[in-house]
Amino acid sequence: MKRFSILTLLVLFAAFFATAQNYSRLLMLKKSRMNGEDVRAVQVALNNLGFTEVGEADGWFGPKTEKGVKAFQKLAGFSVNGVVNKDVYDLLVKQKSGNVMQAYLNELNQINYYPKLDLSRKTYDYNGHSAEGGEICVYQSDSESLYAEMNLCGEMGKYVATLYNVSGTNFILVCESTTYKSHMNPDPKTDSVEYKIYYYNSGLYFNIVNGQAVDNTDNIHDLVQELKSRM
């Protein structure tokens, strides 16, 4: 009988687990539910990043997993379709990213935790900036402002900008623009929604696009200052 050394067994186990986590197929919600260790790996990664709507990591790709994938795709700058392709999988499970993106991923857990807290809210009118007016809401824990949200409504759409304070000096800004297909008639089935995510780190602005941090030159300084002044 052939004998294996402890070192050989450790190498074999390491190779097995490395292979088990490699991307091999598109993962998505289907009528006949997909399951496997790759689904479980996605679920574990989502939970670790604070997307706890996924629930238990049971290895079955159901509606809760799709919801978590979409929430992650939104904040990682991917198309929000609930489908885990290689880029999404590698960023989630393998965490293949640069230093800036790694810092951003580490802070996603924090901003995903904010809405689960029992926060107080201060509301400020922001009229005169759109056809239907608007407001800025600041959410606080005790006396600490965690995030501020600007809501503007118009005849052909709405705009929501949320500024998250993640470390005192770093912040994440999520801008959501919704365009109505017909005048003053919101319809989630036909509305066009666009997300832009900005990350301020080490004194620089970055766009988060397709799971990458891209140097940004957009002039969002005034918007950031407006939201920060209310916090």
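Trainee: In which sense do strand E2 (residues 134-141) and E3 pair, and over how many bridges?

Mentor: Strands are DSSP runs of E with at least two residues, helices are runs of H or I with at least four, and both are numbered from the N terminus. Two strands pair if DSSP finds at least two bridges between them. Here E2 and E3 pair in the antiparallel sense over eight bridges, and Tyr139 stands opposite Tyr147 in E3. The model is predicted, and local features need pLDDT of at least 70. Residues are numbered from 1 along each chain as its sequence is written.

Trainee: Which residue of the hairpin of E2 and E3 takes a positive phi?

Mentor: Asp142 does, with a phi near 55°, in a hairpin that has two residues between the strands.

Trainee: Which strand do eight bridges join to E3 in an antiparallel run?

Mentor: That strand is E4 (residues 157-165). Met150 has Ala161 in E4 as its bridge partner, and a hairpin of two residues joins E3 to E4.

Trainee: Is E3 (residues 144-154) mostly covered or uncovered?

Mentor: A residue is buried under 20% relative accessible area, exposed over 50% and partly exposed in between, using a 1.4 Å probe and protein chains only. Eight of the eleven residues of E3 are buried, and the strand is mostly covered.

Trainee: Which element gives the most to the lining of the largest pocket?

Mentor: A pocket is an open set of points on a 1 Å grid over the protein atoms alone where a 1.4 Å probe fits, with protein on both sides within 12 Å along at least five of seven lines; lining residues have an atom within 4 Å of a point. H3 gives the most, with five residues.

Definitions and conventions:
This is a predicted model: local features need pLDDT of at least 70, side-chain atom pairs count only at pLDDT 80 or more; totals for chains, interfaces and linings use all residues. Side-chain values use heavy atoms; hydrogens and water are left out.
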